[in-house]
Amino acid sequence: MLEKIGTIGAKGKLASVLVLLVILPAMFYSIYEFTTLTRSEALIGDIYRQQLDVVLFSLNQYAWDIANSWTNSINDDLVSHTTSQKALSSLFVRFLDENAGIRCLFLTDRSGTDIEVFYPGIRINPRAQFTTNEIAATLRRQADAVERLFRLQASGYRKIDPIFIKDKAGETSLALVFVSVRRNGTHQVVGMVIDAEGFIRDVLGRKMDEAAGDNFLLSVNRKNSAQIVYATGEMSQGDARQTKDLWLFPDYTIGIRLRGQTIDEVVRARFYRNLVLIGLLNVVLIAGVWVVYRTVRHEMELAQLKSDFVSNVSHEIKTPLALIRMFGETLQLKRVRSEAKKQEYYDTIVQETERLTRLINNILNFSRMEAGKKEYHFEPADLNTIVRDVLKNYSTHLENEGFTVSTRIDGRLPMVDADGGAIAEALLNVIDNSIKYSHQKKHLNISTGRERTTVYVDVEDRGIGIDPLQQKRIFEKFYRVSSGLVQETKGTGLGLTLVKHILDAHKGTVTLRSEMGKGSTFRLSFPIHSNEQT
Ligand code: ADP
């Protein structure tokens with residue numbers, strides 16, 4: 001019992017060691033990996049998003065720079081050409097012709113009364129023109145802002161202000177307004193009305209194509225409508241992963257996404273791939289730990305069984321030796337007077353010697369079997385003869401043990417290919433077990449018979465029976481049922497291992513039918529000798 005508890009404790013320790021040494025670190029590692037993975041994927045996502053932001057920022061900046069450069073060029077013209085109003089006008093018209101994104105220019109004095117409007121050389125739809133009244137009214141509405149521009153100009157800083165202005169058709173457009181000082185010292189308010197969609201298509205569009213390259217898709221959308229003004233490739237509304245308002249035209253947004261997979265898809269795919277790898281790693285690890293645990297547990301059980309075996313064998317040897325010695329000494333001292341008593345003592349000594357011999361033979365056979373050195377000599381044999389011989393040799397012993405034996409021999413059994421000695425040994429082991437494990441009803445029934453291509457011998461007892469859960473294990477080496485009545489009976493746990501080995505060598509089988517408390521029947525079956533399989 002104590003030994004059993006010892007093994008259970010050791011198994012528990014082994015399991016905890018494996019859990020502590022392998023599973024726990026692996027779990028911590030996985031959790032750590034999982035969190036760093038989530039963090040690094042989020043980081044990668046952020047970096048991608050920042051990269052997209054940078055692209056959008058640079059495009060916005062570009063649009064702004066272009067508009068700025070236009071105002072600069074107009075300012076330069078105004079500053080350098082003061083004399084001829086006509087020359088200035090033709091300069092402006094050429095400028096408007098060259099830059100498709102600008103609808104018109106207007107010039108006005110500080111009071112906003114003298115307004116001049118310039119259009120490109122091509123014919124302009126009259127409805128797309130701006131009335132001087134409308135320009136004056138707009139500037140009046142923005143009087144504070146205009147005043148500020150003058151103040152800044154006075155302190156040497158030229159600022160550009162965006163204002164919104166309506167054309168004859170009532171469409172609102174963006175106008176960039178700034179103050180310019182001509183060489184003669186007159187201050188002028190200059191307005192540059194920009195055609196948003198023309199600018200986006202013709203000016204910004206080219207830059208967008210360049211920025212998109214093979215990696216991105218870019219588009220500009222008009223807010224509050226599903227309309228895409230310009231896109232660098234196949235792109236539909238809502239496709240963009242990142243969007244920003246255009247600084248120049250707050251009514252429009254510019255959007256970007258990766259060509260092919262979106263950033264989120266790329267990051268998610270990477271995340272799941274890594275997650276699956278970690279999962280697989282864990283499965284392999286757990287499977288490995290399970291295999292190690294099972295192997296070590298099996299080895300530990302075997303070590304325990306071996307140590308039980310040694311103590312069992314010692315006990316098995318000690319009892320008959322003590323008896324032999326006791327009766328031998330009694331006889332030696334000539335203390336026994338009656339011949340009958342003497343005969344009884346001699347019988348006991350012979351019986352105990354036979355028991356010892358069987359025990360030693362079993363151990364020797366087992367060790368030969370383990371070393372793969374057990375040899376069998378097969379020849380045609382009659383199973384009935386072997387059974388009869390065993391019973392004849394064993395009858396006295398059975399009688400002494402208080403057993404009654406009934407037999408049912410099938411007289412027409414075909415021959416088998418067998419090693420007679422080995423079969424007798426197997427049979428003896430089975431009968432010996434029946435004797436050992438029948439405590440109350442001491443009856444044996446031995447029968448032989450044929451079943452299709454095999455012949456068999458059944459050894460049936462009315463003993464303690466075998467628990468169904470143990471029935472497979474009792475054939476394992478050193479294994480003994482360690483509960484209940486069996487504990488009281490000593491044994492080595494080798495008998496049935498030998499029986500199985502012998503039957504395997506004969507290409508036969510050993511099967512068991514048993515019920516707890518009712519008894520067991522062991523059947524040893526052998527294939528019929530090839531010439532007789534008819
Ligand atoms: P042992 O030396 O313990 O008898 P065996 O290998 O012959 O070793 O048998 C293994 C175990 O099978 C025994 O310990 C016993 O519990 C069980 N066993 C074998 N034969 C019988 C039987 N006829 N009735 C009940 N239990 C049996």
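I started with Arg 355, which forms a salt bridge with Glu 352, the closest N and O atoms being 3.7 Å apart (a salt bridge is a side-chain nitrogen of Lys or Arg within 4 Å of a carboxyl oxygen of Asp or Glu). Both residues lie in helix α7 (residues 339-370), three residues apart, about one turn of the helix (helices are DSSP runs of H or I, at least four residues, and strands are E runs of at least two, numbered from the N terminus). Arg 355 counts as partly exposed because its relative accessibility is 34%, and Glu 352 as buried because its value is 7% (buried is under 20% relative accessible area, exposed over 50%, partly exposed in between, with a 1.4 Å probe and protein chains only).

A note on the source: this is a predicted model, where local features need pLDDT of at least 70, side-chain atom pairs count only at pLDDT 80 or more, and totals for chains, interfaces and linings use all residues. Residues are numbered from 1 along each chain as its sequence is written, and side-chain values use heavy atoms, with hydrogens and water left out.

Next I looked up Glu 451, which forms a salt bridge with Arg 523 at 3.5 Å between the closest N and O atoms. Glu 451 lies in strand β13 (residues 443-451) and Arg 523 in strand β16, so the pair ties together parts that are 72 residues apart in sequence.

Then the ligand: 21 residues surround it, and Asn 433 and Tyr 437 are among the closest (near means a heavy atom within 4 Å). I noted that α9 gives the largest share of this shell, three residues.
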